[in-house]
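Have the structure open as you read.

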Amino acid sequence: MEAIISSSSCVFYRFLTTKDKFHTFIDAKYEVCQPDDTNENNDTNNETKESSVEEPQVKKLKWDPEDKKRLRGQNKSRPHRKPTMYEEKPLCVSVIQGNRKCFYGDKCKFHHVVADYMASKPPDIGDSCHLFDTFGKCQYGLSCRFGKTHTTADFQTLEKADVMKTYENRTPVKNSLTKDLQNSLRKRQVSFKKSEDYLKTFSNYKDKTEPKTLISEMSIATMTHKPMSMQPDATVCSAKRQISPEKPPAIKTAGPLTDVDVVRLRSCEKKQVDFRDKLYLAPLTTCGNLPFRRVCKRFGADITCGEMAMCTNLLQGQQSEWALLKRHESEDIFGVQVEGCFPDTMTRCAELINNHAQVDFVDINSGCPIDLVYKKGGGCGLMARTRKFEQIVKGMNYVLDVPLTVKIRTGVHEKSNIAHKLIPELKNWGVSMITLHGRSREQRYTKLADWDYINTCAELASPVPLFGNGDILSYEDAVKAKDTGVSGIMIARGALIKPWIFTEIKESRHWDISSTERLDMLKDFTNFGLEHWGSDTRGVEKTRNFLLEWLSFMCRYIPVGLLERVPQKINERPPYYMGRNYLESLMASQNVGDWVRISEMLLGPVPKNFNFLPKHKANSYK
């Protein structure tokens, strides 16, 4: 849970209201704002108003005064309904792709008769298809939920030849996992030559400290009570050959000289990225998807990074994990973040990304506080395992042709900072940039970020750029952060609450953005989501799910015009207030039912069996 204080004192008194009055207003007004309401049936509207005030009380039991126990914490192990379950019998892909032969034949459980499918298909959501208007062709054809725009009476799909020509040689989204690569990964047929070279030298280094060949023979002889071989010279010589290098080093060294030291890619040969004075959108799990990053790029984000990906899942060729590496053409400086706790898997994963993905940098997540990751030794656990951390950094640096960056926290425990000890080591290991979150693992998001400590670490990191992260929600917060001496700032929750923060920082102003402009921004997100996840029922519901996840953060925003004291602080809990119009009030609601209403404005009514459980229990209803 976050350390949140009441912010009622920062909102003008005339806008404040109570919880019950706020939700009663939202529910009553929502029925009036429905598009099918007319002035001719005012009597019917009045009846629905009266009933709408009572209906939500049944499902929103958290308002019940008898329920005195406050809902806290997170909804762990949330039941995620697959988007495919919202359509009982979809149209077969073979029909969508031009009546090609179905691979499953008579065993296929999907529709093959177009007329039968169209009779059972849910009604279209809108009058125009974003994919058809943008690309000249909708690849989802008859299954598109906006299909009447590009479907003829005899169920033929239309195309715009002139628009399609503009995208002939363009690949808007890169880093997709091909079937050939996926099959090779699953059959373990992908070559990791550079990784094996590094791991062999690392293996030889372990052999030097423990001559396994000689010890194993001695142990066998002891166990069997047999004398050792009378030719010890050959055994000892073979062990020595494994232990000592064939040729002595020409220069006296402090440690063992390996191939990694001799055959090393020079720093000048790697791709250089200018990180300084950039605005960095943090890699955000779940919400930091490609459509959201496109929205932030429009508002001025300089550096974007994919969501955290597990290195083992990438090596296994999991499609869902590789989707986190996808990059849009608008992302000019783009990196991927990987998580792992072993040098072999992290090194191979880095080489895999280097050979099969187009990225500008690779980031190691050594700041993740999640128990599942930490208990395995990954995330924050790496900060306390410096030996493994060093092997991972050096191995990934050895196989990468792009810069390697690291994201860390102040430490594992709240009152025991260790980042200042680790940063000089990271410099020696060869990282190109360090990002420091000003909280420990134990703190999670409680208390404020320690920017004084970030300043101290920035001085230690020089000349390696160090980015600071924590509690930035306005351009004033960004100015104070830059004054600490960091090379740049990373923005995480601030971007989820108000993605236009990048514009505010670059233009040094507070943007009193209207509710209509925010709705247009959400409309852009849904359009980008339909491009990314699809415009069929499955894609629409997946877009809706990610939209609701984002709205759980954006509802914390308080419009600048309503603030008595500017700016809003990230640790202030928004009070219940009435906006300047109904839409502004609806966007301020912290109830998941109202988020669903916003999604219905953009993506049509939810299916009958729709279910969404938010991350935090305080926003849930039973």
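A residue counts as buried when its relative accessible area is under 20%, and as exposed when that value is over 50%. Keep these cut-offs in mind as we look at this predicted model.

Start with Asp277, found in the loop between helix H12 (259-262) and strand E3 (279-281). Asp277 is not a glycine, yet its phi is positive, at about 60 degrees. Its relative accessibility is 67%, so Asp277 counts as exposed. Now turn to Asn175, in the loop that runs between strand E2 (173-174) and helix H8 (179-186). Asn175 is not a glycine either, and it has a positive phi of about 70 degrees. With a relative accessibility of 7%, Asn175 counts as buried.

Next come the cis peptide bonds. One links Ser462 to Pro463, with omega at about 10 degrees; Pro463 sits in the loop between helix H20 (451-461) and strand E11 (466-469). Another links Val566 to Pro567, with omega at about 5 degrees. Look for Pro567 in the loop between H25 and strand E13 (572-573).

That brings us to H25 itself. How do helix H24 (residues 515-533) and helix H25 (residues 537-554) cross? Their axes come within 9 Å and cross at roughly 140 degrees, so the two helices are oblique to each other. The crossing is right-handed. On the H24 side, the contact includes Met521, Phe525 and Trp533, while the H25 side includes Val540, Phe546 and Trp550. By class, the residues of this contact are 11 nonpolar, 4 polar and 1 charged.

Technical notes. Residues numbered from 1 in each chain as written. Predicted model: local features only at pLDDT ≥ 70, side-chain atom pairs only at ≥ 80, totals over all residues. Heavy atoms only, no water. Axes fitted to C-alpha atoms, helices over the stretch in contact; angles between N-to-C directions. Helix = DSSP H or I, 4+ residues; strand = E, 2+ residues; numbered from the N terminus. Parallel < 35°, antiparallel > 145°, perpendicular 65-115°, else oblique. Left-handed = near helix turned anticlockwise from the far one by under 90°. Contact = heavy atoms within 4.5 Å. Nonpolar A, V, L, I, M, F, W, Y, C, P; charged D, E, K, R; others polar. Buried < 20%, exposed > 50% of the residue type's maximum accessible area, 1.4 Å probe, protein only.
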